[in-house]
Amino acid sequence: MSQYDLLVSRITNCTSCGLSDGRTNAVPGSGSLDADIMFIGEGPGFHEDRQGVPFVGQAGNLLNHMLSVIGLSREDVYITNMVKCRPPNNRDPFPGELEACAPYLDEQLELINPKVIVTLGRFSFTRFFPGQSIGRSRGKPRKWREYMVFPMYHPAAALHNPGLRPVLEDDFAALPGVIEQVIEQRTGEPEPEEQPAQQLSMFE
């Protein structure tokens with residue numbers, strides 16, 4: 001069994017927080033293990049909990065469409081969430097739940113080693129940059145450790161507020177250029193590292 005398969009098994013059988021009590025399925029993640037891009041959302045919803053796959057509801061359909069516009073599919077990227085089990089009634093994840101899942105996300109980053117991390121929404125963005133505003137930061141790539149983080153609004157936000165859809169479309173259109181930027185930087189001089197990650201307990 002590969003290291004990734006072992007990780008999936010640990011997530012699937014995890015009982016580290018109370019979210020495990022109400023799940024139908026844990027939702028580890030899906031996509032290419034050699035992906036240049038890792039998308040990180042907040043947590044599974046109703047359909048994700050039933051199928052064990054991230055982003056398969058309406059927000060997932062919008063994500064699929066946005067990917068197709070820039071010539072990508074789900075098989076080309078890796079998609080996961082901050083928490084791997086559905087919070088009751090799709091509520092925001094609690095700090096302890098984020099903390100319980102944090103090691104799984106860390107290991108996914110290490111195994112996949114994407115060129116770009118796309119954070120979808122405020123929870124995944126503040127995982128890397130605590131206390132900062134997604135509204136002011138979206139669409140602006142920035143370094144975190146050895147990774148380039150590209151913050152975007154969550155697709156669900158564009159569904160609830162159609163005025164955000166053009167913003168999301170613009171950010172997706174910029175994504176190929178962000179990847180090219182990372183490739184150029186990796187072939188040049190290394191850049192200084194960003195601040196280390198803060199504890200997830202600081203999240204709201």
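Predicted model: local features only at pLDDT ≥ 70, side-chain atom pairs only at ≥ 80, totals over all residues.
The buried set in α9 consists of L168, D171, F172, L175, V178, I179 and V182. As a general point, an α-helix has 3.6 residues a turn, so residues three or four places apart point the same way.

What about the length of α9? Its 22 residues (165-186) should span 32 Å at 1.5 Å a residue, and the end C-alpha atoms are 32 Å apart, which agrees. There's a bend too, of about 35° at L175, with a proline, P176, following within four residues.

## The nonpolar core

Which residues of the largest nonpolar core touch the most other members? Out of 56 residues, they are F39, V116, V118, F128, M152, F172 and L175. Helix α5 (residues 95-112) supplies the largest share of this core, with seven residues. In general, nonpolar side chains in soluble globular proteins tend to be buried together.

V118 is a handy one to click on. Leaving out residues up to four places away in sequence, V118 touches I37, M38, F39, I40, F150, M152 and L175.

## Over at V53

V53 sits in the loop between α3 (46-51) and α4 (58-69). Is V53 buried or partly exposed? With a relative accessible area of 28%, V53 counts as partly exposed, because buried means under 20%.

Beyond residues up to four places away in sequence, V53 touches V27, S30, E48 and R74. From V53 to L168 is 115 residues in sequence and 22 Å in space, C-alpha to C-alpha.

How values were computed. Residues numbered from 1 in each chain as written. Heavy atoms only, no water. Helix = DSSP H or I, 4+ residues; strand = E, 2+ residues; numbered from the N terminus. Buried < 20%, exposed > 50% of the residue type's maximum accessible area, 1.4 Å probe, protein only. Contact = heavy atoms within 4.5 Å. Expected span 1.5 Å × (residues − 1). Bend = angle between axes of the 7 residues up to and from the residue. Core = buried A, V, L, I, M, F, W, Y, C linked by side-chain atoms within 4.5 Å.
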